[in-house]
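Biologist: Please walk me through this model one question at a time, and keep the cut-offs coming as we need them.

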Amino acid sequence: MSSAEVDRRTLAADLRDAIEGDVRFDTASRALYATDASNYRQPPIGVVIPRTIDDVVAVHRVCREHGAPITARGCGTSLSGETVNVAVILDCSKHLTGIGDVDPERRLVSAEPGAINEHVNRKAGRHGLVFGPDPSTHAYCTIGGNVGNNSCGAHSVQAMFLGEGGRTSDNVHSLEVLTYDGLRLRVGTTSDEELERIVADGGRRAEIYLGLRTLRDRYADLIRERYPQIPRRVSGYNLDDLLPERGFNVARALVGTEGTCVTVLEATLQLIEDPPAKCGVVVGYDDIATAGDHVAEVLAHRPLAVEGFDDHLVELEREASLNVEALDDLPDGRGWMYVELGGGTREEASERARALLEELRPGAVDAALVEGDAARKQLAQLREVGLAMAAFPRGEDHWEGWEDSAVPPESIGDYLRDLRSLAARHGYWGTYYGHLGQGCMHVRYDFDLRSKNGVKKFRAFVEEAADLCVSYGGSLSGEHGDGQARAELLYKQYGHELVEAFREFKRIWDPDGKMNPGKVVDPYRLDENLKLGADYAPWRPAVKFAYAEDKGDFAHAALRCVGVGRCRRPEGMDVMCPSFTATREEMHSTRGRARLLFEMLQGEIVTDGWQSDEVMEALDLCLACKGCTHDCPVDVDMPIYKAEFLHHRWKHRLRPRHAYAFGLIDQVARVASLAPGLVNLVTQTPPFAQAFKLAAGMTQRRAVPTFAPLTLQQWFKRRGGTTNPGGRKVVLFPDTFNNHLHTDVGVAAVEALEAAGWQVVMPEGHVCCGRPLYDYGFLDLAERYLQRSLDQLREWYREGIPIVGLEPSCVAVFKDELGKLLPHSDDAKRLAQSTYHFAEFFEKFDVEPPRLERKALVWGHCHHKATGGIDPEVELLKRMGVEVETLNAGCCGLAGSWGFESGHYDVSLQCGEQGLLPKVRELADETFVVADGFSCKTQIEQGATGRRALHVAQVLKLAREHGDSGPPGPRPEDLYYEVRPKPSVARRAARAGAVVALVVGVATLLRREAP
């Protein structure tokens, strides 16, 4: 039965009856899993998220009954198309993440297939051990994926010298596996005696082992002759591990089979020593090929890592302002080799590094030591972002296709010269980076994959590149596997006889041919099932934003995600992506949302365009935190995509009520300012509060923030404006949150600026950047708000007068959305250049702050991190004398009004519990909590922490009013938090009279209406 003939509806029903986990044959899931990080696209039959190992077993049984193929998938970052197929996709990354206890004596640890590589190493690290393979995706890739691809990584050199080799296969002790026909068995090394016993026992296991032995014996001489003897031979099946001299290691023979033979249920991994001290050397050469010429010298020093990268990668990162510190410390050159060495002590590691440095210096342009963990990690990150940085260099599209070939390390320099010459002859260029120490080089070329001739040329190049690689005794793949991208060409590396041996090996395990069919063995052609291809013609609707990096093409913006998966980090180490950290769902990652938008424009699976409920569901849990705009290495801008989608979805239609209540909060606040006391009485008193929340579409589990009795603008006008009329002018932008709610922050800011000698100017009238409008797709109105802001602020920004914002999200509008909605406005550029975050202003103009010798936890607002970062806050506080602690823990989870909306409360709190809220709870009462964002402060206040956060302007106020040591006693925020200016007696009387008149008027009207 072919995949096309599978009864999807009945299969899904039977799977749901058989397992505890999730069975997802819906449109959204098929769209989410139709692509991986490769050039290929194949919508699956459906997706299963197993909850237990027994679920995995049951999935195989049910699929076998229906004749449905199965494809196991790790975290979806495969680059060769091996994790997409017209099959039932098995995703173990959500639940099957268990890691057993480390056996330090035998140096073993067992892990379920969904366990994360870095989590395994954290556990092993407590014993001074490490699992050698660490791909650049180690923070989120799975052990199942490592086993499927035979992954390697930057420290495969360490695994080669301190273990048995750098590939995953070299570091696997045993596997528990499951065949399509339901046999569950543990495999590993097999002695002759054990092999005889297995065969004698009979049954399916005996059949497999007898078949493997027969295969081995028939092809042993050919395997020894034709298998490349290089450290990164990843292409093809590991038939060499069945040889007698390799111990007939069935587990290692199955590693790298890419799910085409068995499904891995558990992997027992061999660990190696991890030296306690490390030191690095970075050496600059004339080009990366020259760097490769010196690999043999370096390997003689038994290093831990030997990486290389070229000047294109460095230039691209400089242009993107990524890894700035590491780039600034690079020695001169146009190609670099980074070497890491280890030792029992820091002195020993440093001594080894200096010795290598002196040996390499004569043949180098320049060289430097890299000491300290922070510097080494920054340099490693410089190399690790290579794939993403190479994807769209300077507005061009570059694709995988020949990105991980490997040759003998001593030949890597010459191979690189020949490879670059070959690419040049075909008219291609790319960025070169990779694992010099193991002869493996990564590169993405500017292939044209959108025309018939372009695809034909792409194929011709790959075929010639394969011939070149084989001429060096190399492997078509040195890390990423064969999948569909290279499997068709395996005969070039091994010959047709060994390709037939691969076919027999698969048949022994999978006689029905249902395990990931069409990959590795009897593969699809490398130029079919392309995600693009000659018939790529997506819908290109008219859009509101400029999408300058994509030349105005929303379809290209949706294509921008290359699947690198950084948004799938399970902890909130980066801002991106908070909803994924809370849910562990692909749909709620930045990558998942980008994939659904891509499929929406394709129109094959997702067919409803802007009215797609699948896309809407995915975007609903997007907090619009802008984390992806800062953390995504290919600059996916999901908040903008979300605003665009909502703009079109709701155009000329009635939006949900919360869109009006929260999107138009500035107008709500204006009305509330007429009688804030009455509004607060209603919103804080049952049952009126419950009714108010229901009407606003707000969750009942949140408290409504109280409106200030006097707005910041009213207070400023009442005091007669600035008290420092002779100072240099600075405009303080009275955003809605600090004008109408946290006026205490605004007052502190005015006083801080004046204490620094500046004349504060504050715009009058209704002033609003329109930040909440974007969250609900009110883009036409948002544009009008921006035009009004340009008019209101023109007299100042045209004169170069700085404009300071207190609320990070409002400043971010002028720094980000303004230019994307009004890309051709010179005034928009002027306003963006004139606008500063509060502490950024102090840094820019070198304002000297008062002293305060206390401790503080500084929490950065996501929009702040995305538009300049919180370093100015940290440095300002340090200059004051504050002992600062920061926290890399993602988003607070409130995200403006998002966490107030009905249905978002649980996820909102889960995001906060990833790091922020637990950290605040454990702080000493005397420690300040500093958070500039209104939503961050509110989440801390309403997140059961018992604490409240202060804006940095209020910390300055504390220092001025209480001296170096600050106020005595616990919880210093109580002195200023919501201690807001009060209206005059006359204003209060006028408001009371207005309320009485309103009540009397309503009562009179009701009396007249009564029968």
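Modeller: Happy to! Buried means under 20% relative accessible area, exposed means over 50%, and partly exposed is in between, with a 1.4 Å probe and protein chains only. Helices (H or I, at least four residues) and strands (E, at least two) are DSSP runs, numbered from the N terminus. The model is predicted, so local features need pLDDT of at least 70 and side-chain atom pairs count only at pLDDT 80 or more, while totals for chains, interfaces and linings use all residues. Residues are numbered from 1 along each chain as its sequence is written, and side-chain values use heavy atoms, with hydrogens and water left out.

Biologist: How many of the 6 residues of strand β12 (residues 305-310) are buried?

Modeller: In a regular strand the side chains alternate between the two faces of the sheet. From β12, A305, E307 and F309 point one way and V306, G308 and D310 the other way, and all are buried. Strand β12 is therefore largely enclosed by the rest of the structure, with a buried count of 6 of the 6.

Biologist: Which residue lies over the face of Y432?

Modeller: A charge sits over a ring if NZ of Lys or CZ of Arg is within 6 Å of the ring centre and within 35 degrees of the ring normal. Elsewhere, R655 lies over the face of F778, at 4.0 Å from the ring centre. For Y432, at 4.8 Å from the ring centre, the residue is R420.

Biologist: Is the F841 and F842 pair stacked, tilted or edge-to-face?

Modeller: Rings of Phe, Tyr and Trp (its six-membered ring) pair if their centres lie within 6.5 Å; planes under 30 degrees apart count as stacked, over 60 as edge-to-face and the rest as tilted. The structure holds 35 aromatic pairs, and one of them, W715 with F716, is tilted at 6.4 Å centre to centre and 50 degrees between the planes. The rings of F841 and F842 have centres 5.9 Å apart and planes at 80 degrees, so their pair is edge-to-face.

Biologist: What is the relative accessible area of F842?

Modeller: W715 and F716 are both buried. F841 is buried too, at a relative accessible area of 0%. F842 is likewise buried, and its value is 2%.

Biologist: In what order do the 3 strands with β21 in their sheet stand?

Modeller: Strands of a sheet pair through backbone hydrogen bonds, either parallel or antiparallel. Strands β21 (residues 855-859) and β23 pair in the parallel sense over 4 bridges. β22 (883-886) and β23 stand at the edges with a single partner strand each, so one side of each is left without a neighbour in the sheet. The sheet is open and its pairing parallel, in the order β22-β21-β23.

Biologist: In β23, which residue is the bridge partner of L857?

Modeller: Both faces of β23 (residues 928-931) are covered, with F928 and V930 on one side and V929 and A931 on the other, all buried. A856 has F928 as its bridge partner in β23. For L857, the partner is V929.

Notes. Pairing = 2+ DSSP bridges.
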